[in-house]
Amino acid sequence: MRLLRSPALLGLATIAAVAGLMELLVAWGALPSYIFVRPSAVLLSIVGLFRDEELGWRLLQTLGATMAAAGLAAVSGVPIGWMIHRYRLFGEIFGNWLAALAAAPFILLYPLFLAVFGRGEPTIIAMAYVAALVAISLKTREGLASVPTVLRAVGAGFRLTQMQFFWKIEFRSAVPAIFSGIHLALVFALVNVVGIEFLIDYGGMGGLIADLADRYEVPSMYAAILFVVLVSVLFFWATERLERWLNPM
Amino acid sequence: MAQSHVSSAPARRSVRAQRLTALVAFIAYWVVWELMARAGIFYEGVVPSSVAILRALYHILLDAALYRNFAVTAFEVLVAMAIGGGAGIAFGLLGGAVRVIGRAYEPYVYYLAPTPKIVFLPIVFLLFGVGVATKIVLGAISAFFPMAIATLAGVRTVKPVLLRVGHSFNLTPWQMALKIYLPALRAPVVTGLKLAFGFALIGVMLAEIKLSNIGLGFMAIEFYNHFQIAELYALLMLIFMVAAGVNALIDRLMPRD
């Protein structure tokens, strides 16, 4: 009954129960140990990954590529979003393409990026950059387009110049959407970086999982996957918090 | 009447101007592409000319292998959508209707949703081996999260008056789901379906690229491995067009009010 009164506890208890059951079933031999691994062995393997597989360095590589892609996307995406909003012709030419790209299964293009940039960081960063750019420019446009009419009227009433109108009215109103775009850009960049690393078997954490799977080191592979999931969840949680902190509105 | 006639003329002109702009933009893209293809900036063949891509498209469309691979991928995506999407709707309904379940498990679904699902491929491969099942399971995992989140969000927006009507008619939980929740949830479920389709397609095709010998993903990576880049562009163009078409079809399920 106490579990039902505390849903968070119920969620944690379910995870603990599944892990405990798995531990017992593998220990008793009810589940094949060449496929399933005891959760305790997986947790212990994470320590081994730091020692033997340079997991810390791999994490830095992945996060570095993510930050590079998202940073480039932020620097170029905000002006692009502004231009799509400000200049109708630019918006008609590029806006629809960006929207189409956002809905398209973009990651499937990775063989083309491989052909253009080769197997390495440029492909990883370029793909993550495009995914992040789409999110940030569309969000910037959305923010600039949704400035309340009353604020526009105030700007007109004060006879603001175009530049003053942009900095004092449009940009400030669009800040929440821009931060939301940066949050999405960071998440999309991380997902793409890890995904491409895994697919091309190169670089950071994604590359490590592919490498361990090839070597058939099952406990370490489970540990690396668990670590990637934990990092993704933490990253998503942290960027969400950052967005709320920067944008208390 | 006269007013609507007057106001529709500029609107028509605006639509015509937009179409003209889109056409001019398309021609400009094409010219830039051709210049890139012929300028020799990239390694030969990396950016093929549009003529080479169209020729490759023509040959691919005449090749029976395309239809064989297409059938396999379409089957895998459909089954993945049915399993993952169905489980997502069930979770969304249950989590939205039963508060404790929603609050206990929703954070896990919400935070796991943005993780790259492709990293689960080695585990799925260990469990199901090389074959259709692995691809379907990866597609189903990918489809589950957007469907579950969209349904959960939708359940919370169902009007309380509808729920009260259901309760006053003493509907069973199953009847509540079928007669109250699902009709009221059409818009969020269709949105979830669109997202789930995109993610299922990505999951299935990436699994085909990584470890398969049939399907459109396998066909694409084979073109890459043999450096048939024009064919690769043509095939990816075809896949994107089919995906856009399916998206448009799903969009037609959206309520029009």
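This tour moves through a predicted model, from the contact between its chains to individual helices. Residues are numbered from 1 along each chain as its sequence is written, and chains are lettered from A in the order in which they are written. Local features need pLDDT of at least 70 and side-chain atom pairs count only at pLDDT 80 or more, whereas totals for chains, interfaces and linings use all residues.

Begin by selecting the contact between the chains, to which chain A gives 36 residues and chain B 42 residues; two residues are in contact if their C-beta atoms, placed from the backbone, lie within 7 Å. On the side of chain A that touches chain B, H11(A) (218-246) supplies the largest share, eight residues. Helices here are DSSP runs of H or I with at least four residues, numbered from the N terminus. That side of chain A holds 31 nonpolar, four polar and one charged residues. Ala, Val, Leu, Ile, Met, Phe, Trp, Tyr, Cys and Pro count as nonpolar, Asp, Glu, Lys and Arg as charged, and the others, Gly among them, as polar.

Next, select H6(A) (110-117) and H10(B) (residues 216-225). Their axes, lines fitted to C-alpha atoms over the stretch in contact, come within 10 Å and cross at roughly 10 degrees. The pair is therefore roughly parallel, a term for angles under 35 degrees. Pro111(A), Leu114(A) and Ala115(A) meet Ala220(B), Ile221(B) and Tyr224(B), and the contact comprises six nonpolar, no polar and no charged residues.

Now select Ile209(A). Beyond its neighbours within four places in sequence, Ile209(A) is in contact with residues of both chains, including Phe198(A), Met221(A), Val119(B) and Pro122(B). Ile209(A) is also one of the residues touching the most other members of the largest nonpolar core, which has 122 residues. Such a core is a set of buried Ala, Val, Leu, Ile, Met, Phe, Trp, Tyr and Cys residues joined through C-beta atoms within 7 Å, and a residue is buried if 20 or more other C-beta atoms lie within 10 Å of its own. Helix H9 of chain A (residues 162-200) gives the most to this core, 19 residues.

For contrast, select H8(A) (residues 149-157), where the count of buried residues among nine is zero. Just after H8(A), Arg159(A) takes a positive phi of about 50 degrees.

Finally, select H3(B) (residues 64-97) and H4(B) (residues 99-112), which pack at about 125 degrees with axes 5 Å apart. Leu94(B), Gly95(B) and Gly96(B) of H3(B) make this contact with residues of H4(B), among them Ile101(B) and Tyr105(B).

Notes:
A residue is buried if 20 or more other C-beta atoms lie within 10 Å of its own, exposed if 12 or fewer, and partly exposed in between; C-beta atoms are placed from the backbone. Helices (H or I, at least four residues) and strands (E, at least two) are DSSP runs, numbered from the N terminus. Axes are lines fitted to C-alpha atoms, for helices over the stretch in contact, and angles run from 0 to 180 degrees between N-to-C directions. Angles under 35 degrees count as roughly parallel, over 145 as roughly antiparallel, 65 to 115 as roughly perpendicular and the rest as oblique.
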